[in-house]
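Biologist: Please take a close look at the aromatic rings in this structure. Once they have been described, please continue to the place where the chains meet.

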Amino acid sequence: MALVEFRLPDLGEGLEEGEIVRWLVAEGDEVELNQPIVEVETAKAAVEIPSPYAGRIARLHAGAGASVAVGAALITFEVAGGRGPVAPAPSNDSASLRVFDSAGPTGPDTSGSTSSVAAAPAVRALAKRLGVDLSSVVGTGPDGRVTRADVERGAGSGDDLERVPVSPTRGAIARNLAAAAAVPQVTTFRTVDCTALEGFREELGVSPLPVFVAALVVTLADHPALNSSWGDDAILLHRRVRVGVATDTERGLVVPVLRDAGASGIADIGAQIARLADAARAGTLSPGDMKGATITVSNTGSYGSEAGTPLLSPGCAVTVALGAIRPRALVVDGRVEARPACTLSVTFDHRLLDGATVGRALTDLVSLLEDPDRLRDLPR
Amino acid sequence: MAESVTMSAALNHALRDAMEADPRVLVFGEDVGRLGGVFRVTVGLQEEFGEARVFDTPIAEAGIAGMCVGLAMAGWKPVAEMQFDGFSYPALDQVISHIAKYRNRTKARVAMPVVIRIPSWGGIKGKEHHGEAPETYYVHTAGLKVVAPSGALDAYRLLRAAIEDPDPVIFLEPKSRYWAKESAELTVEGPGIGRAVVARPGDDCTIVAYGAMVHRALEAAEALAAEGVGARVLDLRSLVPLDEETLAACVRETGRVVVVHEAARTLGMGAEIAARVMELAFDHLEAPVMRVTGYDTPYPPASLEELWLPSVERITEAVRRAVSY
């Protein structure tokens, strides 16, 4: 079977469009050659158009009442065998006579092909090489022909399109995210009352992030399933916690890794994050600095975001986005109170983690963040 | 030592040298013996090699071509002359049905080392039948090689190569160039049958020509140079086999092609060149292949000849259109 597109034929008398009065067939219908399929009204007359093919109606491209330009797609047929009409059109009907050359130069090209654009072969080859869509280029040559210079302009800074080359960092991000998006993952949200956390971190003189990382590491000791990777034939539980910290840089997002957060105090974690972030922004991270994360943290609150649906990083079963800490209306002891709070957005790999497992761990994490005094005992 | 020589004299030298080198070479045709040929190409040969090797035939071109078949089968190397292009048509049946097919018919056991020389094309204010462009008939016939020199040295080289060739060669001589002089040392060294040569360099457009039209193309290129347009002139020399490699290189390097020939436009060499160019180098074409040719009419009377033949002006105009496309 093959799909063939039938465009609104030139109905004669120089008319440029027709209105669909009514369809005489529906999608899925089997039609015979020359069976009337649609009634089209032009400024001059209503015309019944006979089917140029025998086959099945795969798609009607416009609804009743719609105006369709001559040459625009009208119907897609599914026909047996190869392309083309299965029989010549009846010769006594001026509309159907023109059916088979209706994709000629006067009709707009709706198939994505650029054959209706005037351009020399060498110019077409250049456009292909530079990834320029010829139909988006304004031809300045004789008769509107697209010239070599037009294509080069289109490739550089087009009239309404600037093409920015993909940097290696951007390319790596794109590949990682595309791979990550293929993992079945879900995101869950928790609100954290940050009243105690704010006091605690101010006392230590650190930002919320190192406190959060420390709390996460402590929580993972009791919930090792979250510190894992999908290994196809096995679930890989990591004995050490290596926290990847998503870091925004001029070149794009990079995720340097805290080597051994479990053995470090909060201030130490803060210093490590600062060092890695500086190196990331300076572009001096080694490839080793970005490898081997077992869980990822993204401080989306640093640019004001409250909640989101972060994607997983390669090799990690969990990604946590830390939202902005802001005063919110929380219900405390049955009363609404304005308190500093934030939302944790937690995405997990549903292949190896279930919502309940993650939920229990998050309950512990939130409880720790709301009572961070328990983190004071961490090694300094 | 380079000497100033006409194409007629160069062809005469080629025949003489070939006959000296190989006793199997025979020269015959209408008025080639006692008269020495209407274009003086065979002058003196009968005196030198005798009536057995250089002889006049009746005015019967089918007989001349048929004799070529028999002589070739018997081991001779016939070099026949058709006195004028228009007179070569009565011989077409022998050429198409036998000379071109004999090797294939005999599963390669019998070759046809035949050369048929045909003074061709216009430009000499000839009468009817004296200004034909017969190349398409021969080019279209599988089994023949077809060559067309543009000047004296090339005429010498190609005729020697044609006589050496084990297959039949149709040798088209541009009548209007017989008396043009060229300072050249006649030698068999150099490009052979199947090779085209760049007669003038240029980067903006390739003018493809052969025979006398090479010189029109060169004049056009000279005029275009004054306008800053670099027209390259490709002298095909060999219509069959066609030098696809050089042709494709020219298209890749200039992106534009104008084909010039005296023959009428429809199914002339220009049609074939245009098709080959698309097959070989489509993506390099900056403009459509343009043709500057004779018109699709019978060859005109002498008074209209120059209006009919591709002129320098028509060629330069086509190149300008290609370059500004």
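Modeller: In this predicted model, one aromatic cluster is formed by B:Phe39, B:Phe84, B:Phe87 and B:Tyr178. Over all chains, the count of aromatic pairs comes to nine. One of the pairs joins B:Phe28 and B:Phe55: the ring centres are 5.0 Å apart and the planes lie at 10°, which is under the 30 degrees required, so this pair is stacked. B:Phe28 belongs to strand S2 (residues 25-29) of chain B and B:Phe55 to strand S3 (residues 54-56) of chain B, so that the pair links distant parts of the chain, 27 residues apart. Both B:Phe28 and B:Phe55 are buried. B:Tyr299 and B:Trp308 form an edge-to-face pair, with 4.9 Å from centre to centre and 65° between the planes. B:Tyr299 and B:Trp308 are likewise buried.

As for the place where the chains meet, eight residues of chain A are in contact with eight residues of chain B. The two chains bury about 640 Å² between them, and 60% of this area is on carbon and sulfur atoms. On the side of chain A, the most area is lost by A:Pro121, A:Ala122 and A:Arg145, together 59% of what that side buries. Three residue pairs are in polar contact between the chains. Helix H2 (residues 121-130) of chain A supplies the largest share of the side of chain A that touches chain B, namely four residues. That side divides into six nonpolar, no polar and two charged residues. The count of salt bridges between the chains is one: A:Arg148 pairs with B:Glu286, and their closest N and O atoms are 2.4 Å apart.

Definitions and conventions. Residues numbered from 1 in each chain as written. Chains lettered and ligands numbered in written order. Predicted model: local features only at pLDDT ≥ 70, side-chain atom pairs only at ≥ 80, totals over all residues. Heavy atoms only, no water. Contact = heavy atoms within 4.5 Å. Buried area = accessible area lost by both parts, 1.4 Å probe. Salt bridge = Lys/Arg side-chain N within 4 Å of Asp/Glu carboxyl O. Polar contact = N/O pair within 3.5 Å; in protein donor to acceptor, adjacent residues only side chain to side chain. Helix = DSSP H or I, 4+ residues; strand = E, 2+ residues; numbered from the N terminus. Nonpolar A, V, L, I, M, F, W, Y, C, P; charged D, E, K, R; others polar. Phe/Tyr/Trp six-rings, centres within 6.5 Å; stacked < 30°, edge-to-face > 60°. Buried < 20%, exposed > 50% of the residue type's maximum accessible area, 1.4 Å probe, protein only.
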